[in-house]
Amino acid sequence: MNGRTYEEVAVGEELPALPIPLTRTLIVATALASRDYQDVHHDPGLAVERGSKDIFMNILTTNGLVDRYVTEWAGPAAVVKAIKIRLGVPNYPGDTMTLTGTVTAKHDEDHRVEIAVRGENGLGAHVTGTVAVRLPAKEAR
């Protein structure tokens, strides 16, 4: 089984950066898959009418990408305990969002690890927040 154990992780450890190309298809498909039918996520003309420069990614997609980023690093035995994010600038098609993260805390009593996550695009910070995951103990592998 691949993945991280609680003992292998150190406070201050940086997760590898994950660049995500922001295609129009990604933005529209993930909004529809999450049943977010707001026109600003799929109709460029109506998005502009509402004050945006183009369609933009919805928060459910951002949340899912943050989850994917941390669980890819942590491995299949990790259990996500909490995700707390705040949106900043929009994710527009044609840009790239790069996710980065740093381990900020470890809690021995429940093998919980906290990770500060940030997603930057060409406009600045799209998402900032924290993710808490429980990792298996080394002997549990």
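1. D54 and R24 form a salt bridge (a side-chain nitrogen of Lys or Arg within 4 Å of a carboxyl oxygen of Asp or Glu), with 2.7 Å between the closest N and O atoms. D54 sits in the loop between α2 (44–49) and α3 (59–74), and R24 belongs to helix α1 (residues 24–33), so the contact ties together parts that are 30 residues apart in sequence. Helices here are DSSP runs of H or I with at least four residues, numbered from the N terminus.

2. The model is predicted, so local features need pLDDT of at least 70 and side-chain atom pairs count only at pLDDT 80 or more, while totals for chains, interfaces and linings use all residues. Residues are numbered from 1 along each chain as its sequence is written, and side-chain values use heavy atoms, with hydrogens and water left out.

3. Are the two partners of this pair buried or partly exposed? D54 has 14% relative accessibility and counts as buried, whereas R24, at 38%, counts as partly exposed. Buried means under 20% relative accessible area, exposed over 50%, and partly exposed in between, with a 1.4 Å probe and protein chains only.

4. R4 and E8 also meet through their side chains in a salt bridge, at 3.9 Å from N to O. E8 is partly exposed, with a relative accessibility of 37%. A network of salt bridges links R4, E8 and E13.

5. Another salt bridge joins the side chains of R112 and E114, at 2.9 Å from N to O. E114 is partly exposed, at 24% relative accessibility.

6. The structure contains eight salt bridges; the pairs described above include D54 with R24 and E114 with R112.

Technical notes: Helices (H or I, at least four residues) and strands (E, at least two) are DSSP runs, numbered from the N terminus.
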